Amino acid sequence: MITVKKLGKNFGPLKALDNINFTIAAGEIVTLLGPNGAGKSTLMRLLSGYLEPTAGQIEIFGKTYTSNRRQILSQIGYVPENAPLYGEMTVFEFLKFMSAARNLSAKQIAPQISELSDQFELSEVLNQKCETLSKGFKRRVAIAGVLTSSPRILILDEPTEGLDPNQKYITRQFFKDYAKNNIVIISTHIMEEVTALSSRVILLNKGKLVKDTTAERLSELSPDNNLETAFRRITNKNK
Amino acid sequence: MSKQICLIFQKEFASFFRTRLAYFILGIYLFLSMFCTFYLGLYFDVINANLFSFFYFQVNILMLLIPALTMRLWADEYKTGNIELLLTQPLSYTAVVIGKFLSAWGLCLLLLICSAPLWLFTALNISTDNLNILTSYFGCFLISGSMCAVGCMVSAFNKSPIVAYLASVLLLTLIIIVDYNFVFNTFSFPGNLAIRFTQSLNFFYHQSTLLSGQIGVDNIIYYLSITVFALWLNRITIEYKRG
């Protein structure tokens, strides 16, 4: 369970997020939607513990980052927008490093890497250096990296960017299955993904939460029952 | 905690070799050390029972090479965006800071070990003061630790490894030249106590004692203090830059 209360984040005079409130329970796939600069990535960085809020608080399974940072981080898998990897490492070395960083024992590492490489079709690139991978492979490796410890919360910034249609399908199916017992939060600009994946949409604009609803209900806000039109209507109205 | 330090140490230490930086630095270090020892240090013309020709130039050589080791430790993390990945893992910041520092210091130890054949070569030709040489090596190791910590700290301030390198060399130069007599002469300090106090803070003063093979508790405390202080600043910088 994630509880966000009166959350705010300022970067100097800029209010990146202001008075954000929501609760997310296990079993939900939540999509963060919003135009560029709406505060989606900032919200993800706050949820993942990378940034500290200027105001308000984030409770994850009843705990806050101030007193239980490492305990919370072991339950969260966060993949930033550019899916960073250590270029000089091979995929296997990277997954091994991530497994160890996420407290897996030496015995658990090899079977977990093998399972994830099957799941994300990484077997052929396991011994390849991360810097030589294509964009799609890099993203899959980054996702596999945080999944090594099977975190209860998965936070992914534009997770299917750079993936081919087959991989997009496989990845989305994986997120759907994963969200049955866990929380998945994704940020995307692809409307098709919102309808295909999410059980709930949080729409941000100019740092404020403007809608917290389902994709269907959001679509109904446009005359043609189209999500993209509804998105444009809401975000342009607020400009 | 020690497990996490070990993990970061392994990652960074292996990275020095994966990127071939370690081989490059090792090559340059050995070339510069031998050039300074044999050519500038007039190795064959002076009595080198304590390897004076070698140790005399070590601080200057390390001052140029250690920032090349440390420059990318944090700057690269910021430049590539990997910092977000690293700091959102369940690792303590202190462990990450110490692990990165130890990897650079570990490589310094390797550099010093690789220069040991000179000791052997000297010992085969003349009677050497082995205890003196050993303490001088220990001194070099301590000094390199302080330099690594300062280099790591400067790297944490920068996104560009080149800027981190230049800033580290500049800062280390400043720390070292504070010792020069002109500082005392220019700002005429009142009384002997002030001079002695300032002198005790001097890198050069402690370095001269250490590299002459005379090791004192004050020297050890001095270099360990610089190391700990720089690492503490490094940790604060990481937290501050995180926002």
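What percentage of the 243 residues of chain B count as buried? The share is 42%, where a residue is buried if 20 or more other C-beta atoms, placed from the backbone, lie within 10 Å of its own.

## Basis of the model

This is a predicted model, in which local features need pLDDT of at least 70 and side-chain atom pairs count only at pLDDT 80 or more, while totals for chains, interfaces and linings use all residues. Residues are numbered from 1 along each chain as its sequence is written, and chains are lettered from A and ligands numbered from 1 in the order in which they are written.

## Chain B

Chain B contains 13 helices and zero strands; helices (H or I, at least four residues) and strands (E, at least two) are DSSP runs, numbered from the N terminus. Two residues are in contact if their C-beta atoms, placed from the backbone, lie within 7 Å. Among the contacts in chain B with a separation of 6 or more, 82% join residues 24 or more positions apart.

## Domains of chain A

An automatic or database domain assignment divides chain A into domain 1 (2–75 + 152–237) and domain 2 (84–149). Their C-alpha centres lie 25 Å apart. Nine residues of domain 1 of chain A are in contact with nine residues of domain 2 of chain A.

## Contact between the chains

Chain B contributes 18 residues to the contact, and chain A contributes 19 residues. On the side of chain B that touches chain A, α1 (2–18) and α5 (82–87) of chain B each supply at least two residues.

Key:
Buried ≥ 20, exposed ≤ 12 C-beta atoms within 10 Å, placed from the backbone.
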